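Hi,

Here is the structure I promised to pass on to you. Have a look at it first, and then read my notes below.

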Amino acid sequence: MAAGTMDQILSTLSLDVVRRIKRHTETMRTLGANTNEATDIVIANLAPDRAELLQRTVPPHLMIVEDKPLSFNRTVELASIGSISPTAEVTTRKYRFRVIGLGEKPLPKVTIQLAGDAFPAQKITDESGEAELELVTLGSRPPRLIIVTAPDSYWDIYLSNPQLNAESINIIRMRSLSETIPQFPDQFKCGWGQRMMGLEQIPKEINGSGIKIAIIDSGCDNEHPLLKHIQLGQDFSGDSQSSGWNSDQIGHGTHCAGIIAARSVDGGKMRGFAPEAEIHVLKIFPGGSYSSLIEALDYCVEHGIDVINMSLGGDSEINPVVEQSLAAAAQKGIVCIVAAGNSGDAVKYPASSQHTFAVAAIGNLSELQPNTWDSTTVQQNFLDANGLFSPNFSCFGPQISVCAPGVSIVSTVPGGAYKAESGTSMAAPHITGLAALLLAHHPLFQSQYKAKDTQRVIALFNMIRSICIPLAFDNNRTGAGLPGLIPTLSTLLGSIASTTNADQTAPFGITPPIVAFSNANNLAAAPIQGQASFYLEPNLRMQNWFAPGPIAGSFIVPASLAADGLTRAQFIKH
């Protein structure tokens, strides 16, 4: 439809137009739109019956969808109320608290929530660390739940059926991160999830340099000592009170940014996966919706972003307008990593899109602190012999691509401090950082998949799957498993001698690649049929070599591996 015609129709319909989103030219060109066609997105208030009528009469190539809200998936479930007598008398009792921390010092600005049979009462402690809350129950029922949350530096407390005294001050002792994490924060190099994925084993030169990463979230406090190098971003939140992309009232985006890109001046403190990547912070929270997400995706196309982290989600229904933007991003070679969701049910959108890489969360028993919400997320039926578990909040389904650490993840928060958070929101940045390292340093993306197009996206998705260790859970919960950097990227770079381009086939109709092997161990050099990934297993030491998609090339096996008695059969395991 011509742009002028569309404007006339909108005028005739007398819609309550709130705002218009001007689509970026490159995005619309990718989607096949001509210059004179109507490409704006119009945000308008419509009564439900009017919206239904317009949807029934909508012309071709025009979509009317609800601009649904997005969330950043931070949820804590309250304990169930249980059976209550409808004739029970309402009772109100007051409880006084004093919160202390490291060195037994009082902790101000700590949020205390106390739940009985009504919605929780909430207060923030004063400078002396004290607060008084009023508990409402039916009859003489005791308190059911207390949640104590410090802004930073301390583990939250989540305790069901607490034993409290209404006659005296209840002392709450919070555990600091420095008490529970060795050498924190000055010698804290990386979190347990990053260590499990092999980050601390790679050299500093493997750092994501040359890659552009966008973090679509709640902003990022770049005054944090580990995030000062982040200087690019834009605010799409539409919040008149917002002071810009580098103001993070929620703290969620700053936490994600630390996992991806934390960088200390002396290299001694916490390191993110890709500290030298160019980070673009795109703020859509608070108040994020599909329309603000579309604007952020357009920004990514315009600025040539390589990887997008989306620790966010809506409901499970696919939004066709957002889907168009995701398709345009994929055609431009942009890799979209999305958190699966924290509602413990079906994968949320846009993680459920065919154009994105959905990430579920896993936890580690050895990293849990007692009396925390994290410790309540363990599912015994999804717990393996190594203590890894699929938490009860993680969304699941056939759309899950991989899993990553997402319980008790310590990272940066506003104000120059650190905080432990949980959610698929924390798992997704682990994969985003890994993706950036592969794009920046793996030879395949400097040669065969250098062009930024759909083939590049598919190749990266396949590569990440190929370096996964499967977990002993349902694939719907963990996908291909937990990816890692073992062997280190430096070893990998030294091992892969060369690759050459091969004829490409349809992305989802890949034919088996023809691969020729040459090394010092007399492996057959004749071409052999293979699948999308190849594993080396000398003496049960798993080392991953990956070749996603059709490829013809030469792989040189190092002499150290040849000495282990590597056989051709061991090479072609998968």
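What follows is a short tour of what turned up in it.

Before anything else, please keep in mind that this is a predicted model.

Let's begin with the inside. The largest nonpolar core has 110 residues, and Ile 216, Ile 308 and Met 310 are the ones that touch the most other members. The biggest contribution to this core comes from helix H9 (residues 424-441), which supplies 11 residues. There is another core too, lying apart from that one: it has 18 residues, including Tyr 95, Val 110, Ile 112 and Leu 135.

Leaving out residues up to four places away in sequence, Ile 308 touches Ala 214, Ile 216, Leu 297, Cys 300, Ile 334, Val 335, Cys 336, Ile 337 and Thr 432. Ile 308 belongs to strand S13 (residues 307-310), where Ile 308 and Met 310 point one way while Val 307 and Asn 309 point the other way. Are these four buried or exposed? All of them are buried.

Strand S13 also has partners to look at. Strand S10 (residues 212-217) runs parallel to S13, and 4 bridges join the two. In that pairing, Ala 214 stands opposite Ile 308, and Ala 214 is also on the list of residues that Ile 308 touches. S13 pairs with strand S14 (residues 335-339) as well, again in the parallel sense and over 4 bridges. Here Asn 309 is the residue that stands opposite Ile 337 in S14.

Now for the aromatic rings. How many aromatic pairs does a search of the whole structure find? The search gives 8. Take Phe 357 and Phe 461: their ring centres are 4.7 Å apart and their planes are at 20°, so this pair counts as stacked. The two are 104 residues apart, with Phe 357 in strand S15 (residues 357-364) and Phe 461 in helix H10, so the pair links distant parts of the chain. Phe 357 counts as buried because its relative accessibility is 0%, and Phe 461 is buried too, with a relative accessible area of 9%. The rings of Phe 445 and Tyr 449 are arranged in another way: the centres are 6.2 Å apart and the planes are at 45°, so that pair is tilted. Both Phe 445 and Tyr 449 are buried.

Finally, a couple of serines. Ser 466 sits in helix H10 (residues 454-466). Why does Ser 466 count as buried? Its relative accessibility is 6%, and the cut-off for buried is under 20%. The side chain of Ser 466 reaches the backbone oxygen of Met 463 at 2.7 Å.

The other is Ser 176, in the loop between strand S9 (169-173) and helix H4 (177-180). Ser 176 is buried, with a relative accessible area of 2%. Its side chain and that of Ser 178 are joined by a polar contact of 3.0 Å. Setting aside residues up to four places away in sequence, Ser 176 touches Leu 102, Ser 153, Tyr 154 and Trp 155.

Happy browsing!

Methods. Residues numbered from 1 in each chain as written. Predicted model: local features only at pLDDT ≥ 70, side-chain atom pairs only at ≥ 80, totals over all residues. Heavy atoms only, no water. Core = buried A, V, L, I, M, F, W, Y, C linked by side-chain atoms within 4.5 Å. Buried < 20%, exposed > 50% of the residue type's maximum accessible area, 1.4 Å probe, protein only. Contact = heavy atoms within 4.5 Å. Polar contact = N/O pair within 3.5 Å; in protein donor to acceptor, adjacent residues only side chain to side chain. Phe/Tyr/Trp six-rings, centres within 6.5 Å; stacked < 30°, edge-to-face > 60°. Pairing = 2+ DSSP bridges.
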